[in-house]
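Q: Hi, could you walk me through this model? I'd like the overall layout to begin with, then some local details.

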Amino acid sequence: MDVTGILEEHKNRFKTVQVDRLIPPDLDLGMLANFDINMLDEDKLKAKQATRDAYLQELSREGTQLLINELFSLPTVVDEDSVYASLPKATAVLPREKPVPKEKPLTRWEKFAKIKKIQNRKKSRMVFDEDQGEWRPRYGFKGVNNDDQRQWLIEVPGNADQYADQYQVKREEKKARIEKNNRREKRNAEERVAVEKGLKPHEMRKRQLQQAIVMSKGSTASLGKFDEKIKGEPRIKGLKRKFDPLVTTTDKEKSKNMGILNRVAKGDTSATVLNVRKAQRAINKEKRKQK
């Protein structure tokens, strides 16, 4: 019985695992990527849709086959269920859409913990309450941290006022802890901004204080001219009026007056011949007197 035809038909049902390329493709096994720079067949790409789809599907199959052939050459780990291949590190470098984020500066506690080699241990969110026999959150709504506010009896410390409301004392202590934590967070945020700007935290706070002093000068009519000076207060820089000398030469006075006459004759308004704001204030003042 001749089974050659049957074997040939069975063989043709499966694609070969041997793929030939004119230019060997660049395989990045770490990213499971195949970079093939071989030329495409333009005639098949411009052909009918069925021919084009079959051609592209065959290219995809061959590229995947090359990648799988290389995967089988990697060291493997056999498990009860399957076999795993250990992928190498990726070699292709992909461009980033956004710049690499800058490393955040350490807070004071993080610096202290790093020096003392203190490791933070992550605590579970839920805690088992033995009194109530149930799991409760550590913080927040119905948290165990609020149990001191629900006690029906609070022992008065020996050095405390025996007539003071201990429940109110507990609430004020908790409020003070929250405010202290908020101040620390604000301080850490300010120090982080100062480090990003290349300044020391105390230098940035000094600049902010100087800016606040300058802005406070605007609350007085004299703009702080007659206010008491603070030690180390920065000197406010501003424009100073420049007055012409009372005694001058005849040529300078003549040229100045001729310049004014020429601008008035030509109708030149670019130069400040008339102080409009001062004139308007004078007119308004006269109107108020007449009323």
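Predicted model: local features only at pLDDT ≥ 70, side-chain atom pairs only at ≥ 80, totals over all residues.

Q: In what order do the elements of the chain run from the N terminus on?
A: They run α-β-β-α-α-β-β-α-β-β-α-α-α-α. That comes to eight helices and six strands, where helices (H or I, at least four residues) and strands (E, at least two) are DSSP runs, numbered from the N terminus.

Q: Thanks! What share of the chain is made up of buried residues?
A: Buried residues account for 10% of the 291 residues. Here buried means under 20% relative accessible area, exposed means over 50%, and partly exposed is in between (1.4 Å probe, protein chains only).

Q: And how about contacts between residues at least 6 apart in sequence: what share joins residues at least 24 apart?
A: That share is 32%, with contact meaning heavy atoms within 4.5 Å.

Q: Let's go local. How are S5 and S6 joined?
A: Strand S5 (residues 126–129) and strand S6 (residues 134–137) run antiparallel, with four bridges between them. Two strands pair if DSSP finds at least two bridges between them. For instance, Met 126 has Pro 137 in S6 as its bridge partner.

Q: What sits between the two strands?
A: Four residues, and the whole unit is a hairpin. Gly 133 in the turn has a positive phi of about 70°.

Q: Which residues other than glycine have a positive phi?
A: Leu 32 is one of them, with phi near 55°. Leu 32 sits in the loop between strand S1 (26–28) and strand S2 (33–35), and counts as partly exposed at 46% relative accessibility. Lys 117 is another, at about 60°. Lys 117 belongs to the loop between H4 and S5 and is exposed, with a relative accessible area of 74%.

Q: Switching to aromatics: how many pairs does a search of the whole structure find?
A: Two aromatic pairs. In one of them, the ring centres of Trp 109 and Phe 112 are 5.8 Å apart and the planes are at 35°, so this pair is tilted.

Q: What are the cut-offs there?
A: Rings of Phe, Tyr and Trp (its six-membered ring) pair if their centres lie within 6.5 Å; planes under 30 degrees apart count as stacked, over 60 as edge-to-face and the rest as tilted.

Q: How far apart are Trp 109 and Phe 112 in helix H4?
A: They are three residues apart in H4 (residues 108–116), so about one helical turn separates them. Trp 109 is partly exposed, with a relative accessible area of 44%, and Phe 112 is partly exposed as well, at 40%.

Q: And which residues form the edge-to-face pair?
A: Phe 128 and Trp 135 do, at 5.4 Å centre to centre with 65° between the planes. Phe 128 is partly exposed at 42% relative accessibility, whereas Trp 135 counts as exposed at 56%.

Q: Next up, Gln 166: buried or exposed?
A: Gln 166 counts as buried because its relative accessibility is 10%. This residue is found in helix H5.

Q: What does Gln 166 touch, leaving aside neighbours within four places in sequence?
A: Gln 166 is in contact with Ile 154, Val 156, Pro 157, Ala 160 and Asp 161.

Q: Last topic: how many cavities of 30 Å³ or more turn up?
A: The search of the whole structure finds one. On a 1 Å grid over the protein atoms alone, a cavity is a set of points where a 1.4 Å probe fits but cannot get out, and lining residues have an atom within 4 Å of a point.

Q: How much space lies in the largest cavity, and what lines it?
A: About 40 Å³, where a volume is the space filled by probe spheres set on the grid points, which are joined across faces, edges and corners. The lining consists of Glu 190, Glu 191, Ala 194, Pro 201, Met 204, Arg 205 and Gln 208.

Q: Which helix gives the most to that lining?
A: H6 does, with four residues. Helix H5 (166–196) and helix H6 (201–216) each supply at least two.

Methods. Residues numbered from 1 in each chain as written. Heavy atoms only, no water. 1 Å grid on protein atoms, 1.4 Å probe; cavity = no way out; pocket = protein on both sides within 12 Å on 5 of 7 lines; lining within 4 Å.
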